[in-house]
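Open the model in your viewer and keep the sequence panel beside it. This tour goes from the whole chain to single residues.

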Amino acid sequence: MNFDLQELSGTFSVADVVAAMALSFLLSVLIGYVYRYTHRNVSYSQSYVQTLVIVGMVVALIMLVVGSNLARAFSLVGALSVVRFRNAVKETRDVGFIFLAMAIGMACGARFYTLAAVGAVVICVVVLLMSKFNWFALDVQRQVVKVQVPAGEDHTPQIRDVLIKYTSEFELVSTETIRGGALCEVFYTVRLKKGAEPGDLVSALQERTSGQRVTVLTGYDTTDL
């Protein structure tokens, strides 16, 4: 029995493969280090950064396989469509890094080496600048005020009077009963006026609520509420 094996790698040379793989690896590693350096939250994942490198190289390999063959491209799309990912992306910026790694891999696989290198460097510099100078940050730091009042009595006017005096803005978040309905606990988000101290706000509220417990939690961001 004779097997007729056709070599299909003639559309690219060994040098093309080495260059695409090496450049996609180096640029993906650069992207990974930029991601690690600019990451600020506690959700950092080493495996995610390693995945960025893998994605960049795999996409480059896929582009080498596809080349300019339209039928092969549709075949790969069909094959890859069966892949399902269960892990949700924790941050929006993580999606951006995934697309960046994919774009660099595509450019390397298509043998647009200059485009891949320049594009990766420019975008990484932009990410570093945004992180260093904290672009588009919104100063929305607020305090959370928790006030306990006796149930059955409407202390809202007294509380509002104090909040108007000590805060520049406030918003009612929730109201709930505690201790078997004996007390009512009210939550507000507030922004203290310049010069106003949390202790002064607590004292003023306690005077209006018959000495009930008042708590001011500082350092909150409205996106966490």
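Begin with the whole chain. Of the contacts in the protein chain with a separation of 6 or more, 73% join residues 24 or more positions apart. A contact here is a pair of heavy atoms within 4.5 Å. This is a predicted model, in which local features need pLDDT of at least 70, side-chain atom pairs count only at pLDDT 80 or more, and totals for chains, interfaces and linings use all residues. Residues are numbered from 1 along each chain as its sequence is written, and side-chain values use heavy atoms, with hydrogens and water left out.

Colour by secondary structure. The protein chain has 7 helices and 4 strands. Helices (H or I, at least four residues) and strands (E, at least two) are DSSP runs, numbered from the N terminus. Along the sequence the pattern reads α-α-α-α-α-β-α-β-β-α-β.

Now colour by pLDDT, the predictor's confidence in each residue, from 0 to 100. The protein chain averages 82, and 80% of the residues score at least 70. Select helix α3 (residues 70-80): confidence is lowest there, at a mean of 63. Confidence is highest in α5, at 96. Go to residues 221-225. Here pLDDT stays under 50 too, but the model has 6 contacts for this stretch beyond four places in sequence.

Switch to accessibility. Buried means under 20% relative accessible area, exposed over 50%, and partly exposed in between (1.4 Å probe, protein chains only). Of the 225 residues of the protein chain, 31% count as buried.

Select helix α1, residues 14-38. Its end C-alpha atoms are 36 Å apart. That agrees with the 36 Å that its 25 residues should span at 1.5 Å a residue; the expected span is 1.5 Å times one less than the number of residues. Which residues of α1 are buried? They are Ala 20, Met 21, Ser 24, Leu 27, Ser 28, Ile 31, Gly 32, Val 34, Tyr 35 and Thr 38. Show what covers them: α2 (46-66), α4 (92-109) and α5 (113-132) are included.

The crossing of α1 and α4 is right-handed, meaning that the near helix is turned clockwise from the far one by less than a right angle. Show side chains at the contact. Among those from α1 are Leu 23, Leu 27 and Ile 31. Among those from α4 are Phe 97, Leu 100 and Ile 104.

Move to Ser 131 in helix α5. At 17% relative accessibility, Ser 131 counts as buried. Leaving aside neighbours within four places in sequence, Ser 131 is in contact with Thr 38 and Arg 40.

Finish with two backbone stops. Most residues other than glycine have a negative phi. Select Arg 111, in the loop between α4 and α5. Its phi is positive, near 65 degrees. Arg 111 is partly exposed, with a relative accessible area of 32%. Then select Asn 134, in the loop between α5 and β1 (141-150). Asn 134 has a positive phi of about 55 degrees. Asn 134 is partly exposed, with a relative accessible area of 40%.
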